[in-house]
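Thank you all for coming; I would like to walk you through the aromatic rings in one structure. Please have a look at it before I go on.

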Amino acid sequence: MDDKRVQFWVLYLTRFAEGFGFITLITLLPYYINSLDPSSTTVLGITISAGLIIGLYTTGFTLAQTVAVVPLAWAGDRFDKRLVLLIVLGVGIGVYALFPIVDSSASFIAIRALQGIAVTGTGLMTLSLVGQIADVGTRANYIGKANAASFGASILGSISAGTLYDAFGFGPIFLVIVCIMVVAWVGTFWYLNPDETRIEGFPFSGLALNRRILTLSTFRFQYAFSVTLVRTWVPIFAGVSASQGGLAYGGFAVALTVVAEKFTNMCCQPFTGRLSDGYGRALFVFAGGAAYGLIALVVPLSPWLGTGLGFPAELVVSIPTVLAGSTLPAWLPYDSIGDQLVLIGEVSPAFFPLVFLSGLLGIADSFREPASMALFADEGTEEGGVASSFGIRELVWRPGSVIAPLLGGWLMVELSMASVFYVGGAFALTGVTTFLVILVHFHGRGALLEW
């Protein structure tokens, strides 16, 4: 088998392992909250509320990611990316092996911080190596395939985590993750060639002034607010009570709205990545970002669309009992009718339009993501710092990913649920407008098609 192809498959497996572990912890977070039952505590005379401790369950992870970006990206450019990847994968194996023995909020937050370092390092190194190994005209296609592996892990992990927890508890779930991570580590060690590039100095300083990266960052900074708001609030819109502006769907229906976006994104990225290799990166960033913003504006209209199109108010899915097995998770509402398990969800006419729009969001973002990543890979490779280039990409995203949830919560409570999606859509549209104006002004009218 072709040596390059084997290396790509190993990197896809590693990307899958990273995504599976990450989404599993997100899915299990409420169970850890219930299990650890955090309460207020006093540290050095300062009282920390239970709510703040719960917030640290996620913030500890995010802060560790932010702190880890620069040193890990620098190490990847300065030394062997394969070696750095093996180290962070090893850290990840240890981290997931520790989660079943967590017995306090403090230990959970600390291990989540280590998980943040492992997830960030694995993501940076896999994407950097995919971009480095791929030829210039094929990078978006290979990056799209790597992202598809991560989305596949997200779908499988989010569906299986709750089911396995209900049946077996925490231990077996993390045993599965550790096994997948070990296979990825062995595959990386055995099949991935050592990285012989060595970048002296501090590539961040030069790449931070790269004209193409600066131009793309004007879009990415604003788009981070859009994606964080929309992606976070689609399931919130589906699940919260009508008094809070939501649709009050059960867990099964909410899960389908989330899976729809991930599934379409996963299926489309290899194809859209190949298209952007042939027709230009900037065009696909612009088109995908604009489409995402326009679709986000329509999401609050899903009840009106559902009523107008006459969609039903009940979701029924039949599964043969022999295929479903003897145990289904408690959050699935089902009845046993003959040899069928019938999953029944009380929804509303808005459900099918909402799932459809969520799927369209995934398609729109599949045009933008591989093209954007390939642009950063192109510039990083040419300037001698592909890991640092992806590090800058991560840092530009951070303000939006941290601030947007706070903004969304305020909008939802003080204004309306719909305002979250209107603001999210507006961020995407102002982002692509800014991108287009700067692109034309500084790089010429043909830049949209030439990049």
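**Aromatic pairs between helices**

Tyrosine 32 counts as buried, at 2% relative accessibility, where buried means under 20% relative accessible area, exposed over 50% and partly exposed in between, using a 1.4 Å probe and protein chains only. Phenylalanine 108, at 0% relative accessibility, counts as buried.

A word on the source: this is a predicted model, in which local features need pLDDT of at least 70 and side-chain atom pairs count only at pLDDT 80 or more, while totals for chains, interfaces and linings use all residues. Residues are numbered from 1 along each chain as its sequence is written, and side-chain values use heavy atoms, with hydrogens and water left out.

Searching the whole structure gives 22 aromatic pairs, a pair being rings of Phe, Tyr or Trp (its six-membered ring) with centres within 6.5 Å, called stacked if the planes are under 30 degrees apart, edge-to-face if over 60 and tilted for the rest. One of them joins phenylalanine 22 and phenylalanine 61, which are tilted at 35 degrees with 5.7 Å from centre to centre. This pair links distant parts of the chain, since phenylalanine 22 sits in helix α1 (residues 3-36) and phenylalanine 61 in helix α2 (residues 50-78), 39 residues apart; helices here are DSSP runs of H or I, at least four residues, numbered from the N terminus. Phenylalanine 22 is partly exposed at 29% relative accessibility, whereas phenylalanine 61 is buried at 4%.

Returning to tyrosine 32, its ring centre lies 4.6 Å from that of phenylalanine 108, with the planes at 35 degrees, so this pair is tilted. Because tyrosine 32 lies in helix α1 and phenylalanine 108 in helix α4 (residues 105-133), the pair ties together parts 76 residues apart in sequence. Finally, ring pairs link Tyr32 and Phe108 into a cluster with Tyr96, Phe99, Phe170 and Phe174.

Notes
Helices (H or I, at least four residues) and strands (E, at least two) are DSSP runs, numbered from the N terminus.
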